[in-house]
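Dear colleague,

I am passing on the structure below, and my notes on it follow. Please read them beside the coordinates.

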Amino acid sequence: MPEWLQAGGWGLLAGLALVLGALAGYLVRMPQRLIASVMAFGAGVLISAVSFELIEEAHQRAGLVPTVVGAVAGAVLYTGCNILLARRGARHRKRSGDRQPSQEQAGSGTAIALGAVLDGVPESLVIGASLLGGGR
């Protein structure tokens with residue numbers, strides 16, 4: 001079997017798992033506790049991936065102090081922005097299920113814009129710095 005066909009098959013299988021999961025989530029009524037558990041597991045996996053990939057590389061390139069300062073500053077900034085948004089009316093922007101408000105929440109647009117800035121600015125800085133340094 002050609003290699004491109006194998007790659008396409010594996011990609012289709014991986015994508016099918018995502019579609020089946022979304023379909024199950026839409027059709028099957030799940031308890032809020034189960035949904036929260038799955039989300040917590042996913043958050044833990046994401047934090048682990050960041051720790052093993054990004055934090056390790058930052059430590060190798062810059063050392064312990066800049067890595068810790070950057071990670072803690074990012075966590076504090078994210079938490080502070082989350083608190084600020086909650087106080088300005090976007091407290092329930094992430095509700096799901098029956099408790100989800102029927103109308104758009106105040107502050108949701110601000111939350112999206114702030115999330116894009118918090119994600120995009122550091123990423124753009126890293127890309128620019130690596131280009132200036134001759135990296136890929």
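In which helix does L27 lie? L27 belongs to helix α1, residues 3-27, helices being DSSP runs of H or I with at least four residues, and strands runs of E with at least two, numbered from the N terminus. This is a predicted model, in which local features need pLDDT of at least 70 and side-chain atom pairs count only at pLDDT 80 or more, while totals for chains, interfaces and linings use all residues. Residues are numbered from 1 along each chain as its sequence is written, and side-chain values use heavy atoms, with hydrogens and water left out.

The protein has 4 helices and 0 strands. Mean pLDDT (the predictor's confidence in each residue, from 0 to 100) is lowest in helix α4 (residues 108-132), at 76, and highest in α1, at 87.

L27 counts as exposed because its relative accessibility is 60%, where exposed means over 50% relative accessible area, buried under 20% and partly exposed in between (1.4 Å probe, protein chains only). L27 is also one of the residues of a nonpolar surface patch, which includes W10 and Y26; such patches join nonpolar side chains (Val, Leu, Ile, Met, Phe, Trp, Tyr) within 5 Å, and like charges within 9 Å, among residues with over 30% relative accessible area and no salt bridge (a side-chain nitrogen of Lys or Arg within 4 Å of a carboxyl oxygen of Asp or Glu).

T67, in helix α3 (residues 64-90), is buried, with a relative accessible area of 9%. Leaving aside residues up to four places away in sequence, T67 touches I55, A58 and H59, contact meaning heavy atoms within 4.5 Å.

Best regards

How values were computed. Accessible areas come from the Shrake-Rupley method with a 1.4 Å probe; for residues, only the protein chains shown count as cover.
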